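Please read the following briefing beside the coordinates. It takes up the packing of a pair of helices, then a single residue, then a further helix.

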Amino acid sequence: MKKLTLFLAILFVSVLCSACINNIAIQELNNKAQEFMQKGDIQGAISRLESSVDLDGTIFETRYNLGVAYISAQEFKKAQTQLEEAIKIKPEFADSYYSLAVAKESDALKILEDDEDEQADTQVEIVEIQDDEMGGLKNISEQEAKYLVENLNSSIELYKKYLELKPQTGDREQIEAQIQYLEETVFKYSKKYSIGQDAAYAQDVE
């Protein structure tokens with residue numbers, strides 16, 4: 001599957017808010033977490049940020065950075081939780097939507113990377129792919145297909161929100177290409193598994 005090359009562009013943000021400046025413990029934990037991330041010690045960073053959240057869960061920078069660290073650790077569901085909290089605190093910060101889109105996309109596409117042997121062991125009926133036009137699609141359950149489509153659709157909207165908030169971003173062309181790829185993936189799996197499709201995209205491909 002196509003991977004988003006912009007993944008490495010997800011960066012920590014500095015703790016600058018006045019509330020953090022007055023809380024030395026949170027400031028130190030966040031700064032130490034950033035040092036660990038730069039050294040490649042993701043778990044060390046996560047540990048510090050989790051401690052920071054325990055001290056005060058209302059700090060945007062802590063929530064956002066913990067979400068980024070979880071993405072790096074491929075703990076995508078945990079990343080989504082933290083980034084959703086970050087958006088509640090600071091909804092105008094564009095990169096939160098981008099990072100959340102990456103987390104949701106990565107979590108969804110993991111389904112397509114599962115070995116077919118593992119899928120065969122599940123109790124959910126697997127639907128075989130037979131249509132030539134569906135070539136390249138993986139054999140997944142209907143439940144997995146619905147999860148895939150739902151999360152990729154969410155990722156698409158989050159990428160669009162990012163572009164809306166940051167219209168002059170230098171990575172616009174790459175993100176638009178990723179959106180198109182995700183739309184195509186959603187359409188193919190929606191068609192195969194008879195899942196409610198995006199009407200606008202369906203018209204475009206007819």
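In this predicted model, the axes of helix 3 (residues 42-55) and helix 4 (residues 60-72) come within 9 Å of each other and cross at roughly 150 degrees. Because angles over 145 degrees count as roughly antiparallel, helix 3 is roughly antiparallel to helix 4. The crossing of helix 3 and helix 4 is left-handed.

**Contact of helix 3 with helix 4**
- From helix 3, the residues Ile42, Ile46, Leu49, Glu50, Ser52 and Val53 take part, and they meet Thr62, Arg63, Asn65, Leu66, Ala69, Tyr70 and Ser72 of helix 4.
- By class, the residues of this contact comprise 7 nonpolar, 4 polar and 2 charged.

**Ser52**
- Ser52, which lies in helix 3, counts as buried because its relative accessibility is 0%, where the cut-off for buried is under 20%.
- Once neighbours within four places in sequence are left aside, Ser52 is in contact with Ile26, Leu29, Asn30 and Thr62, and Thr62 belongs to the helix 4 side of the contact described above.

**Helix 9**
- Helix 9 (residues 172-192) has 21 residues and reaches 30 Å from its first C-alpha to its last, which is close to the 30 Å expected at 1.5 Å a residue.
- The buried residues of helix 9 are Ile175, Gln178, Ile179, Tyr181, Leu182, Thr185, Val186, Phe187, Tyr189, Ser190 and Lys192.
- Just after helix 9, Ser194 adopts a positive phi of about 55 degrees.

Methods: Residues are numbered from 1 along each chain as its sequence is written. This is a predicted model: local features need pLDDT of at least 70, side-chain atom pairs count only at pLDDT 80 or more; totals for chains, interfaces and linings use all residues. Side-chain values use heavy atoms; hydrogens and water are left out. Axes are lines fitted to C-alpha atoms, for helices over the stretch in contact, and angles run from 0 to 180 degrees between N-to-C directions. Helices (H or I, at least four residues) and strands (E, at least two) are DSSP runs, numbered from the N terminus. Angles under 35 degrees count as roughly parallel, over 145 as roughly antiparallel, 65 to 115 as roughly perpendicular and the rest as oblique. A crossing is left-handed if the near helix is turned anticlockwise from the far one by less than a right angle, and right-handed if clockwise. Contact means heavy atoms within 4.5 Å. Ala, Val, Leu, Ile, Met, Phe, Trp, Tyr, Cys and Pro count as nonpolar, Asp, Glu, Lys and Arg as charged, and the others, Gly among them, as polar. The expected span of a helix is 1.5 Å times one less than its number of residues. Buried means under 20% relative accessible area, exposed over 50%, partly exposed in between (1.4 Å probe, protein chains only).
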